[in-house]
Amino acid sequence: DCTTGKWQVRVTGGGNAVSYRGLVTSDQPFTNVTPVSVESNDTFDTTNPQAISFRLGVGGAGEDGFNFSSPDDGGVCFDADRPVGVTATVGGSGMEITPPFNLETLGPCGGVSPKLTDNDAPSSCPGLPAYDKATERGVFIGCANGNWQVRVTGGGGSNVSFRGSVTSGSPFTSATGVLMEASDTVTVTTNPAAIDYILNVGGSGQDGINFSGGTDVCFGLDAPSGATVLVGSDRTPVSVPFDLATLGSCP
């Protein structure tokens, strides 16, 4: 807003579950930094007065964001990771632009403003979903302290077999089956960057997988078709396969 000098950032889901990760840096301290619709499962860090680090998850018709002000010559650089096919636009004309870019010139970021890296932005660990294994049938995925948990439930019905794989751009550091029976399999021996699973449950039973590590992790579910998959403490619905970092399509 050229009149007030206030910048506004908004991210939207457009009917999908999407996670945006970004970093805004300035040569001078930001002022009037205000989060907008940021929930407990989002991360928003302003510990450094010259940096705004964020990971914002949205779904359906929701939107998250933040407002801030900065000196005209602050050298503000905006950088963000976006799921494939998601656009970034600036200004009243809706001009499409590719981060990172300088907010004043809309050109490349100059100077020594740091670029977004895996160490700069908050890690994606959306908490653990609550569920009732006796009445809800589906897949429930969450993260606590950097460790991912997958649970499949029978929901009180007949036996159902959940089958699929979890793949990564690098080897997982650990992967363990949980509540496994003889008919279940969790295999990581043939490829340390892939977890193949078959988990059979019925009635009020549940099975699962715990794992950690990996990069660009993609969760896939081959069967049953149309199964409910909910992620994080806010139980965000996702379509499989999906990227655990963005909750969008796998690259």
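Guide: Let's start at Phe211. Skipping neighbours within four places in sequence, Phe211 is in contact (heavy atoms within 4.5 Å) with Asn147, Trp148, Val150, Val166, Phe172, Ser174, Ala175, Ile195, Val217 and Leu244. Bear in mind that this is a predicted model, where local features need pLDDT of at least 70, side-chain atom pairs count only at pLDDT 80 or more, and totals for chains, interfaces and linings use all residues. Residues are numbered from 1 along each chain as its sequence is written, and side-chain values use heavy atoms, with hydrogens and water left out.

Now zoom out a bit. Phe211 belongs to the largest nonpolar core, which has 26 residues; such a core is a set of buried Ala, Val, Leu, Ile, Met, Phe, Trp, Tyr and Cys residues joined through side-chain atoms within 4.5 Å, buried being under 20% relative accessible area with a 1.4 Å probe, protein chains only. Phe211 is among the members touching the most others, along with Val139, Ile141, Val166, Phe219 and Phe242. Strands (DSSP runs of E, at least two residues, numbered from the N terminus) giving two or more residues include β11 (137–144), β13 (157–167) and β17 (206–213), while β16 gives the most, with four. Val24, Phe30, Phe68 and Leu103 sit elsewhere, in a second, separate core of 20 residues.

How far to trust it? Mean pLDDT (the predictor's confidence in each residue, from 0 to 100) is 83 for the chain, but it stays under 50 over residues 112–123.

Key:
Buried < 20%, exposed > 50% of the residue type's maximum accessible area, 1.4 Å probe, protein only.
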